[in-house]
Amino acid sequence: MEELLQVGVITQTHGIRGEVKVFPTTDDAKRFQDLEHVLLDAGKELLSLEIENVKFFKQFVILKFKGYDSINDVERYKRCPLLVGRSEAVPLEEDEYFITDMIGLQVVTDKGEDFGVLKDVLVTGANDVYVIEHPVAGEVLVPAIKECILEVDISGRKMKIHVMEGLL
């Protein structure tokens, strides 16, 4: 399991005083108000940054990092992910999982047949949709609803599903 979880991606600078516009990749963007530090994945290194100020603008979070006071200090970090340690992650409810932990799960049917590998999770308005790479059918989209998803075992790296009529 990944020890670092992505909470956002810097999209661009905001103004000239060192602020950045962040696209949140967490379910609750307000969580940035409670964070004191984030790790910036600059490619070859991880930088620990102290959050000095948080604002919200449309679907974005505007962050100001301590010691980064001009546009020149932050411009090179466009498209860089912001990470937190798993210990700082939002606690999960029952039947909730981090997407990063789900990618690569072996998927089997309720009849014991191998169905494929979970490749991606699409977050939609109603419910998530799991993208499963099926050995014959290719990509199969399975809704993340109780009628289809019977069991998720993160530690065992398996998911059991019920293949509803018309799914394949």
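These legends walk through close-up views of a predicted model.

**View 1. The largest pocket and what surrounds it.**
Start with the open space: the largest pocket holds about 1,100 Å³. Its lining is made of 36 residues, and the ones nearest its centre are Asp 27, Leu 92, Tyr 97, Phe 98 and Ile 99. Sorted by class, that lining comes out as 22 nonpolar, 9 charged and 5 polar residues.

**View 2. Three rings in one cluster.**
Here Phe 65, Tyr 68 and Tyr 77 come together as one aromatic cluster. The structure as a whole has 3 aromatic pairs. In one of them, the ring centres of Phe 65 and Tyr 68 are 6.5 Å apart and the planes meet at 80°, so this pair counts as edge-to-face. Tyr 68 also pairs with Tyr 77: their centres lie 6.3 Å apart with the planes at 70°, so that pair is edge-to-face too.

**View 3. Lysines over phenylalanine rings.**
Look for Lys 30 over the face of Phe 56, sitting 4.3 Å from the ring centre. Another lysine, Lys 21, lies over the face of Phe 60, and there the distance to the ring centre is 5.2 Å.

**View 4. Two buried cysteines.**
Cys 80 has a relative accessible area of 9%, so it counts as buried. Cys 148 is buried too, with a relative accessible area of 0%. A disulfide is a covalent bond that joins the sulfur atoms of two cysteines. How many disulfides does the count give? It comes to 0.

**View 5. Positive phi at Arg 79.**
Most residues other than glycine have a negative phi. Arg 79 isn't a glycine, yet its phi is positive, at about 70°. You'll find Arg 79 in the loop between helix 1 (71-74) and strand 6. Is Arg 79 buried or exposed? With a relative accessible area of 69%, Arg 79 is exposed.

**View 6. Positive phi at Asp 95.**
Move on to the loop between strand 6 and helix 2, where Asp 95 sits. Asp 95 has a positive phi, near 65°, though it is a residue other than glycine. Its relative accessible area is 56%, so Asp 95 counts as exposed.

How values were computed. Residues are numbered from 1 along each chain as its sequence is written. This is a predicted model: local features need pLDDT of at least 70, side-chain atom pairs count only at pLDDT 80 or more; totals for chains, interfaces and linings use all residues. Side-chain values use heavy atoms; hydrogens and water are left out. On a 1 Å grid over the protein atoms alone, a cavity is a set of points where a 1.4 Å probe fits but cannot get out, and a pocket is an open set with protein on both sides within 12 Å along at least five of seven lines; lining residues have an atom within 4 Å of a point. Grid points are joined across faces, edges and corners, and a volume is the space filled by probe spheres set on the points. Ala, Val, Leu, Ile, Met, Phe, Trp, Tyr, Cys and Pro count as nonpolar, Asp, Glu, Lys and Arg as charged, and the others, Gly among them, as polar. Rings of Phe, Tyr and Trp (its six-membered ring) pair if their centres lie within 6.5 Å; planes under 30 degrees apart count as stacked, over 60 as edge-to-face and the rest as tilted. A charge sits over a ring if NZ of Lys or CZ of Arg is within 6 Å of the ring centre and within 35 degrees of the ring normal. A disulfide is a pair of cysteine sulfur atoms within 2.5 Å. Buried means under 20% relative accessible area, exposed over 50%, partly exposed in between (1.4 Å probe, protein chains only). Helices (H or I, at least four residues) and strands (E, at least two) are DSSP runs, numbered from the N terminus.
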